[in-house]
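Here is a short report on one protein chain. Look at the model first, then read on.

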Amino acid sequence: MKKETPFGALEIWDAHTHFFSHIFFATLIKQSPTLSQDANAFVTAATITGWEMPSANSAEFAAKWISEFDRHNLAGAMMIASVPDDEASIAAAVQVFPERIVGAFFLDPTKPDAEARAVRAFDELKLKVVCLFPAMSHFSMAECEGVRAIVSAASTRPGTVVFVHCGALSVGVRKKLGLSSKFDLRFSNPLDIYKLAAEFPATNFIVPHFGAGFFRETLMLADLCPNVFLDTSSSNKWMNYAPTPTDLPTIFKQSINVVGTERLLFGTDSSFFPRGWVSKIFDEQIVALMEIGISAEQAQAIFGGNFKRLLHLN
Ligand SMILES: [Zn+2]
């Protein structure tokens, strides 16, 4: 499937979307002192957020996303099960749509069963991307033994990837539901990934949102480690933290100067309905890349080719 763009028809893969499953919301509801006492908690959560609650049947929910992808002519997406212990939801989605959905799962590597969970997710559930949130799970990428085991497991499984959220972290839905978020942003520096990325060159890493505020550090890391990829997702509000005013074309240009066009992965960070797939972010990135004048071939790489190569998709 291809999408018409100013670069011509491109096969688009979104490298960063969320699969906010029934279990995702059930988990957040349990964490809320009020919602956990509410007999109609899902209805209340829908009212508070203005979001549609997903079907409890993950295959059905996946079908909703696929019709959304069809509407926008997207080939497919990486979808992240975004709370711990939710591998089964995204695995069900991948099982029904293996050609369209690349499965990713949140993992807390400080838990004693983390390595076993990762191995099971890769080998049995056919998930390809393990997602680590050091600030959320309170660990250092450089020092946590559990992380080392997971990175090592990925190194022997071609086509798997370790995604590490760095930089500023705020989870919109947690805020909306009034949940406290005890994050520790000291663990958010992309340079913490360096040691493992250098030790395990066969493991590929994704740093989302250009490092979400640690742009310089992300470029340093990616320059030194050819196994580090950057995703371009979200509104990139972190640009507000840049030492001098900047914009998306400038960020793309500098990224391409340092890492080239082969390690940038287009993403949107789409996550809920009724908003669905955030085409505005796609449009902005197309405009930014037109402005800096990349070729159609380079555009195809950023908008899907790199992703397919990284994840070993056909
Ligand atoms: Zn995200």
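## Fold at a glance

The chain has 13 helices and 10 strands. Helices (H or I, at least four residues) and strands (E, at least two) are DSSP runs, numbered from the N terminus. This is a predicted model: local features need pLDDT of at least 70, side-chain atom pairs count only at pLDDT 80 or more, and totals for chains, interfaces and linings use all residues. Residues are numbered from 1 along each chain as its sequence is written.

The C-alpha trace spans about 55 × 45 × 40 Å along its principal axes.

## The sheet

Eight strands form an open sheet with parallel pairing, in the order β3-β4-β5-β6-β7-β8-β9-β10. Two strands pair if DSSP finds at least two bridges between them. The edge strands, β3 and β10, each pair on one side only. β8 and β9 pair in the parallel sense over 3 bridges. In β9, V228 is the bridge partner of F205.

| Strand | Residues |
|---|---|
| β3 | 13–19 |
| β8 | 204–207 |
| β9 | 228–231 |
| β10 | 264–265 |

## Two packed helices

Helix α3 (residues 58–71) packs on helix α4 (residues 87–96) at an angle of about 60 degrees, with the axes 8 Å apart. Axes are lines fitted to C-alpha atoms, for helices over the stretch in contact, and angles run from 0 to 180 degrees between N-to-C directions. α3 and α4 are therefore oblique to each other. Angles under 35 degrees count as roughly parallel, over 145 as roughly antiparallel, 65 to 115 as roughly perpendicular and the rest as oblique.
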